[in-house]
Structures are given as C-alpha cells and as structure tokens.
Amino acid sequence: MTTTTASQATAEQPTAIEHTLPGLIAGVLLLIVLTLLVAEIDRAIANSFRAQGVAQNPLEYPLTAAVIGLIANAVLRLTGLYQRVRPAIRTELYLKIGLVILGARISVGDLLALGAGGLIQAVIMVGSVFFFTWWLGGKLKLPDTLRAVMASAVSICGASAAIAAAGAVQARKEEVTYITALVIVVALPMMVLAPAVATALNLPPDVAGAWFGGNIDTTAAVVGAGTVYGPEAQAVASVVKLSQNVFIGFVSFALAIYFVTVVNRDKDAPRPSPKVIWQRFPKFVLGFVLVAVLASLKVFPSELARELNTATQWAFTLAFICIGLDFSVAEIRSAGIRPVIVFLGATVFNTALALVVAYIIFGVLF
Amino acid sequence: MASAVSQQSPPRLSEDWLATIIGLIIVVIIGSGLLGPGAQNVSLSAEAGQTTAAALRPLSGWRVSATLDGESASIEDAPTALADGQNVLITCRDGAVSTETAAAPPEGVTPPPENRAQVVLVNECAAPVRVTYQTRALIPWPVFNLFSR
C-alpha cells in the first residue's frame, strides 16, 4: 500500500506555506512593478491631456491597470510563469483593503458643508438614478450584483462607486471590469458633448456646472467639462460631484445590509437571525465605516488624508491589475449586450433628469 | 494513521477580516503620521506695508520660494530646516527679499504655538509679496504621490 500518512507528508513534502511563499513573493514583486508602470503610463496620459487643455486625466487609472494586467496575463501564460505568481493574484483582498482605506475620503462634515443646493441635487439625483437603473436592470434580467454595481456607478461617481458597491455585494470581478470600462467609454464623449449642448441651450454657468456634476459619471470628466465651459461652471460642477461622491459610503453600507438580508436569502428560509446576518455580512465594510467616522471627526490632517488616498490608489491598482491577470473573455461575453442597453438607458435618464433638477435648483431656487 | 493533531488545519482568518486588519494598519501607520506628516505647502502673502505670519511644522527639507508682484524673486539665506519655537523673519525691502532668524517675533506678532516654528513676512516693498514653504512627503514617489492628477 502506498498511502502516506499526514505526519509523513509533513516531514517529506513542502508545507502549503513553503509551497506558495516563493510564488507569493515573486507575484507581489511583479504586481508592484506593474503598478509603477501603470503610474508612469497614467502620468504620460495625464500630460498629453494637459497639453490639450484638459486639466484632469479622464482615462482613469483602473482601466490602464486592467489593460496592463491583461498584457501581463498573456505574457505570463506564454512563458509558463502564470501558475508561479498565482498566489499573489488576490483581486478581492486588494479591493477590500482599498475600500477600508477609502473611508478616509468620506466625511459627514464635508457633506454638510456643501450647501443646500448641492446637497438637495445630490439626494434627488443619487436616489432617482440609482432606483431607475436598478429597476431597468431588473426589467432586462441583469444579475442583482451587476445591477447594484451599475446603479452605484451611474448614480454616484463612476469607477470608485462601482468598486465600493462591488465589494459590498460581493460582485464578480468581470462585472466590475465591465462597468468600469462602460463608465469611461461613456464619460469621455460626454466631457466634450455636454459643454457643447450647454452652449447651444445657452445655460447659465452655474446651471451648466450643476448639470455636468449631476450627469457625468467620472469626477475627472466632470472637471474637464466644467473647464471647457468656464471657471464658474467648473466650481459648481466640482461641488455637485463632490456632494454625490460622499454618498458612496452610505450606499455601500445599505447595499451590504440589503444583499445579506434580502437578495442572498433563501426565499423559503425563515427570516435570517442576527447571527446569520453577521456571518454573511462583509466585515470589511465595518473597517470602512470606522475609518469614515474617524475622517468625519477630522482625526487625519488634510495632508495625511491625501497620503491615505494614495494608499487607496495603490490597493485599487493592484486589484485592477489582478482583474486583468484573471480576465476571462468568456465571462464578459456571457454578459451579452443587455448591460450596455441598461447603462445607456440609465445615462440618458441621468442626463435628462440632471438638466431639469440643475435648472430648478440653481436656475430658479438658489 | 494520521494523528488528530496533524489533520487539524490552523485557524484561518477570513479574507474580510484580513483585508480589514491590513487596511486599518495602513490607516494607523499613515494617518497617525508614523511615516511623516505628509507633503507640506504653506504660503504667506503680504500686500505693500503688511506683515503676516504662519506657523510651520519643525521639519528639515523645506523648499522656499518667493514672488514679488507676481514675478519670481530670489530669497536669500532662507533656512531649509526649521526648529521648534524658531522665528524666521523674511523682509522685502528695496525690491529684495532677505531672511534672518530672530530671537522673538517682531512687535505685534504673537509667538509660535507649541511644537511649531514661525515664519513672519514683513513687506516694506511697494508690491505684493508671496513666500511659499514646501516639503515633499517623507517617502516620495513611487511609494507616495503615485498618480499626479
């Protein structure tokens, strides 16, 4: 008989740690190098946009990171090194670490300091667009996780909101990639088209700025559109966008609770007990909330909050490189065209509603 | 036969808790200033005849620059290391910006708060003066300031 006992195996074969540690170290080093490469490419892209008069880089770094990961994926598979570095490819872990640190960007004080106009518009826009996208996604039978990620991205602030929502509802990596790519592909033309339409409609700068802030998904593209229209539009656009951004934390927390208690619950099962809710609850959301509370209490000086933001970017870049390294064309293809239809439908709704709300709030009320 | 002890795997931390712990450790290390206070940027502006003051962290590695009437101006002998309680007096006179370390702040300016140095800008020129004190983050790119936007 050739059966080997566990104690013999421990003595003769490498343990799990010994087996994975070299690959883990090599993989982490590779990810660090790729992150620095992403930073360099991002810097070059930002410089080329700046030369064209666009102050902020609208091609956000998650997309660059995913593309770099995709190229690395092909190279590693061709060279047969993929399995060696596999232990370091921990997309969800990096995303969750980044989300805990992201809490430092959320401040209740900032929300209250935004002023009534921006706050009212943010509440109306985030609420209406989120539920419209959720409803439309349901009509076209999208998975609940994809609906949640998409609704957060369209209603709040693009890629960051998509990442935060994905963590809260345990969405698949492919869903985050899909939505991030859609956000950027739609935001780029919007950055140019929205100021042109605002000019054609002869919108006052504050109304135009509020419209850009309310309807364009990425912060960089919002600032870009505002810059094209003028300094007043840019200032209002930034404030409105910022007021929507602070909703990331509230929406993520609510989504985590909703998915644990409703979506992921067996329909025939009795109402889950607090113990079951606790077991299923994504615990890192508590870390996110704790850091957000500390940030709201102004525990971190502003210069250190900026450094914490860099740490978030590091974690998200690592995660998106891993998404590229783990990329599955079949998974994306299986999603089909329906998410694109829902996304474009939600964007049209968002654009029309934001124009009406911006006009009423900034053109009539304030 | 394998013993019960050898079959037991060590308790494993779930990915959620691992991410929470790592995230919080990073927040504590950076947020408490253990890696340094982050990049500093302090500007003092004074119109003609005005005096202004600002409290700065007692750090070394400051880069000092000045503008006179919006144009870049040279600033002589500006200390790049500031000590706790130090008073730096920057004066613009006859179109030139000069620096001296004073034992006490000039009359009418309060001493620096605890754990801070103080820079006082006295503008005796006919045009506005602006002095900027900057430091980089303790650990510069590539670890920090990854994406410059």
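This is a predicted model: local features need pLDDT of at least 70, side-chain atom pairs count only at pLDDT 80 or more; totals for chains, interfaces and linings use all residues.
Visitor: Which strands of chain B form an open sheet, and in what order?
Guide: Five of them do, in the order β2-β8-β6-β7-β5 in chain B, and the pairing is mixed. The strands β2 (51–56) and β5 (75–76) of chain B are at the edges with a single partner strand each, so each has one side without a neighbour in the sheet.

Visitor: What joins β5(B) to β7 of chain B?
Guide: Two bridges do, and β5(B) and β7 (residues 96–102) of chain B run parallel. In β7(B), Val97(B) is the bridge partner of Ile75(B).

Visitor: Remind me, how do strands of a sheet pair in general?
Guide: They pair through backbone hydrogen bonds, either parallel or antiparallel.

Visitor: What about pLDDT in chain B?
Guide: Chain B averages 82, with 84% of the residues scoring at least 70. Residues 1–6 of chain B stay under 50, and the model has six contacts beyond four places in sequence for them.

Visitor: OK, how much of each chain is buried?
Guide: In chain A, buried residues make up 52% of the 366 residues. In chain B, 37% of the 149 residues count as buried.

Visitor: And what about the surface?
Guide: The accessible surface of chain A is about 16,000 Å², and 68% of that belongs to carbon and sulfur atoms. Chain B exposes about 8,400 Å², with carbon and sulfur atoms supplying 54%.

Visitor: Which residues have the most contacts inside the largest nonpolar core?
Guide: Those are Leu31(A), Ile179(A), Trp211(A), Phe212(A), Ile216(A) and Leu255(A), in a core of 117 residues. A second, separate core has 23 residues, including Ala66(B), Ile90(B), Cys92(B) and Tyr133(B).

Visitor: What does Leu255(A) touch?
Guide: Leaving out residues up to four places away in sequence, Leu255(A) touches Phe130(A), Ala148(A), Ser152(A), Ala165(A), Ala168(A) and Val169(A).

Visitor: Why is helix α11 of chain A largely enclosed?
Guide: Nine of the eleven residues of helix α11 (residues 205–215) of chain A are buried, so the rest of the structure largely encloses this helix. Among the buried ones are Trp211(A), Phe212(A) and Asn215(A). Phe212(A) has a relative accessible area of 0%.

Visitor: How many aromatic pairs are there over all chains?
Guide: The count comes to eleven. Take Trp134(A) and Phe259(A): their ring centres are 6.3 Å apart and their planes are at 80 degrees, so this pair is edge-to-face. Trp134(A) lies in helix α7 (residues 116–139) of chain A and Phe259(A) in helix α14 (residues 247–263) of chain A, so the pair ties together parts 125 residues apart in sequence.

Visitor: Are Trp134(A) and Phe259(A) buried or exposed?
Guide: Trp134(A) is buried, and so is Phe259(A). They also belong to one aromatic cluster with Phe130(A), Phe131(A) and Tyr258(A).

Visitor: What kind of aromatic pair do Phe212(A) and Tyr229(A) form?
Guide: That pair is edge-to-face, with 5.8 Å centre to centre and 85 degrees between the planes. Phe212(A) is in helix α11 of chain A and Tyr229(A) in helix α12 (residues 219–229) of chain A, so this pair ties together parts that are 17 residues apart in sequence.

Visitor: Last one: where does Tyr61(A) lie?
Guide: Tyr61(A) lies in helix α3 (residues 61–79) of chain A. Tyr61(A) counts as buried, at 9% relative accessibility. The C-alpha atoms of Tyr61(A) and Asp42(A) are separated by 6.3 Å, and these two residues are 19 residues apart along the chain.

Conventions. Residues are numbered from 1 along each chain as its sequence is written. Chains are lettered from A and ligands numbered from 1 in the order in which they are written. Side-chain values use heavy atoms; hydrogens and water are left out. Two strands pair if DSSP finds at least two bridges between them. Helices (H or I, at least four residues) and strands (E, at least two) are DSSP runs, numbered from the N terminus. Buried means under 20% relative accessible area, exposed over 50%, partly exposed in between (1.4 Å probe, protein chains only). Accessible areas come from the Shrake-Rupley method with a 1.4 Å probe; for residues, only the protein chains shown count as cover. A nonpolar core is a set of buried Ala, Val, Leu, Ile, Met, Phe, Trp, Tyr and Cys residues joined through side-chain atoms within 4.5 Å. Contact means heavy atoms within 4.5 Å. pLDDT is the predictor's confidence in each residue, from 0 to 100. Rings of Phe, Tyr and Trp (its six-membered ring) pair if their centres lie within 6.5 Å; planes under 30 degrees apart count as stacked, over 60 as edge-to-face and the rest as tilted.
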